[in-house]
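I am opening a notebook on a structure that is new to me.

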Amino acid sequence: MNLPAEMRAVVCHGPKDYRLETRPVPSLGEDDILIQVEAVGVCASDLKCYHGAAKFWGGEGRAQWAQENVISGHEITGTVVQGSESGLNFHGVEIGDRVVVEQIVPCGECRYCHRGEYWMCGPHDMFGFRNFDGGMAEYMLIPTRGLVHKISKEIPAHHAAFAEPLSCALHAVERAKLQFEDTLVIAGAGPIGLGVIAGARQKNPLRIIALDMDDAKLELAKRCGADLTINIREEDAVAKVKELTDGYGADVYIEATGHPSGVVQGLEMLRKLGRFVEYSVFGSETSVDWSIISDDKELDVYGAHLGPHTWPAAIKLIESGKLPLDEICTNQFGLEQFQDALDMVGDSAGASVKVSILPQK
Ligand SMILES: [Zn+2]
Ligand SMILES: [Zn+2]
């Protein structure tokens with residue numbers, strides 16, 4: 001394949017300053033490979049970074065996650081177009097393969113990487129945020145330490161890119177240690193919440209209940225496998241879940257709203273000895289009485305981050321055709337319309353679920 005010298009790319013220059021620019025097509029080192037990006041999902045975390053959240057830009061005693069002058073985008077699928085023999089072998093791919101790319105670039109040297117806990121890597125470089133350019137570009141370099149997985153070319157590219165949020169959602173399900181007797185509540189029917197529902201369905205607990213404020217998203221939650229949905233605008237979700245569980249409350253609550261009220265609601269809704277899983281990235285702090293966790297209920301509280309070891313299952317689920325991906329992937333834009341894509345994800349009252357950018361469009 002004859003590669004051009006230059007490409008279009010969306011470059012982050014700081015909060016609220018993302019620009020479409022012309023960049024050189026990356027040149028490869030020894031074991032790097034190059035992909036032609038077919039689709040990149042826009043994530044709620046991209047939006048929080050765009051709006052300057054302390055989690056990404058430091059301040060409030062936090063380290064800085066994001067950097068200026070990096071090409072954005074971490075929910076990536078593309079076709080392998082270049083690589084040396086050793087680079088291709090190293091990554092287990094051939095020219096022409098379609099791959100999805102794990103968002104983290106593990107350092108391979110820290111305590112966590114040495115123990116196989118690569119998703120919590122100390123330096124924590126991520127495509128599209130820090131040290132490594134992401135997928136909002138026509139081409140993207142996958143460095144030696146980057147992790148790719150093959151995925152079918154038979155499905156639309158924006159469906160394939162859903163492997164990233166879905167792998168994260170499956171990890172949240174694993175953290176919940178689901179049991180068959182469980183009543184599981186998932187708060188938030190956005191891309192992660194829907195992925196959690198789809199993943200939980202594979203494990204078949206007693207009852208999967210989805211909460212959201214949007215009836216269309218709750219309908220989609222049902223199509224992903226929820227047994228029951230509650231619109232928290234119209235019904236008292238805590239009372240309803242207690243009623244369904246003989247007054248005890250939910251066994252498991254997975255928080256995927258990104259809003260502090262979703263945390264408080266979950267602590268109220270869980271039974272004693274229940275499990276709380278936190279997946280969201282928050283834009284602000286949550287204040288809550290921690291004695292609910294100790295004295296009142298003796299809860300297990302689990303964090304969940306990224307999707308370690310769940311990519312093959314996420315890919316299999318996407319390839320199976322069992323998910324309503326046409327409805328989950330609501331909007332696709334070209335690179336030129338990146339601002340529209342970001343604004344659409346930022347419109348919390350809007351109807352979009354997964355917004356994608358197709359760089360070849
Ligand atoms: Zn994401
Ligand atoms: Zn590391």
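**Entry 1: the sheet of three strands**

I began with an open sheet in which three strands follow the order β2-β1-β6 with antiparallel pairing; strands pair if DSSP finds at least two bridges between them, and helices (H or I, at least four residues) and strands (E, at least two) are DSSP runs numbered from the N terminus. β2 (18–24) and β6 (70–71) stand at the edges with a single partner strand each, so one side of each has no neighbour in the sheet. I then looked up how β1 (residues 6–12) meets β6, and found antiparallel pairing over two bridges, with isoleucine 71 of β6 as the bridge partner of valine 11.

For my own bearings, I note that this is a predicted model, in which local features need pLDDT of at least 70 and side-chain atom pairs count only at pLDDT 80 or more, while totals for chains, interfaces and linings use all residues. Residues are numbered from 1 along each chain as its sequence is written, and chains are lettered from A and ligands numbered from 1 in the order in which they are written.

**Entry 2: the sheet of six strands**

Next I traced an open sheet of six strands, ordered β15-β14-β13-β16-β17-β18 and paired in parallel. Its edge strands, β15 (228–231) and β18 (300–303), each pair on one side only. Neighbouring strands here are turned by 20° against each other on average, direction ignored, where the axes are lines fitted to C-alpha atoms and angles run from 0 to 180 degrees between N-to-C directions.

Going along the sheet, I found β13 (residues 183–187) joined to the parallel strand β16 (residues 250–255) by four bridges, and isoleucine 186 standing opposite isoleucine 254 in β16. β16 also pairs in the parallel sense with β17, over five bridges, and tyrosine 253 has phenylalanine 276 of β17 as its bridge partner. The path from β16 through helix α10 (residues 260–269) to β17 makes a right-handed β-α-β unit, meaning that, with the strands pointing away from the viewer, the path from the first strand over the helix to the second runs clockwise.

How enclosed is β17 (residues 270–278)? Seven of its nine residues are buried, so the strand is largely enclosed by the rest of the structure; a residue is buried if 20 or more other C-beta atoms, placed from the backbone, lie within 10 Å of its own, exposed if 12 or fewer, and partly exposed in between.

I followed β17 on to β18, which runs parallel to β17 and is joined to it by four bridges, with valine 301 in β18 as the bridge partner of phenylalanine 276. Valine 301 has 14 C-beta neighbours inside 10 Å and therefore counts as partly exposed. Leaving out residues up to four places away in sequence, valine 301 touches Phe276 and Ile293, contact being C-beta atoms, placed from the backbone, within 7 Å.

**Entry 3: helix α8**

In α8 (residues 215–224) I listed Lys217, Leu220, Ala221 and Cys224 as buried. Seen down the axis, these buried residues fall within an arc of 110°, so they line one face of the helix; the arc is that of the directions from the helix axis to the C-beta atoms. Their cover includes α7 (191–203), β14 (207–212), β15 and α12 (325–328). Glycine 225 follows α8, with a positive phi near 130°.

Where is the largest nonpolar core best connected? It has 111 residues, and those with the most contacts inside it are Ala163, Leu184, Ile197 and Ile254; such a core is a set of buried Ala, Val, Leu, Ile, Met, Phe, Trp, Tyr and Cys residues joined through C-beta atoms within 7 Å. Beyond four places in sequence, alanine 163 touches Val100, Ile151, Trp311, Ala314, Ile315 and Ile318.

**Entry 4: strand β8**

Last, I checked β8, where Arg98 and Val100 on one side and Val99 and Val101 on the other are all buried, so that both faces are covered.

How values were computed
Contact = placed C-beta atoms within 7 Å.
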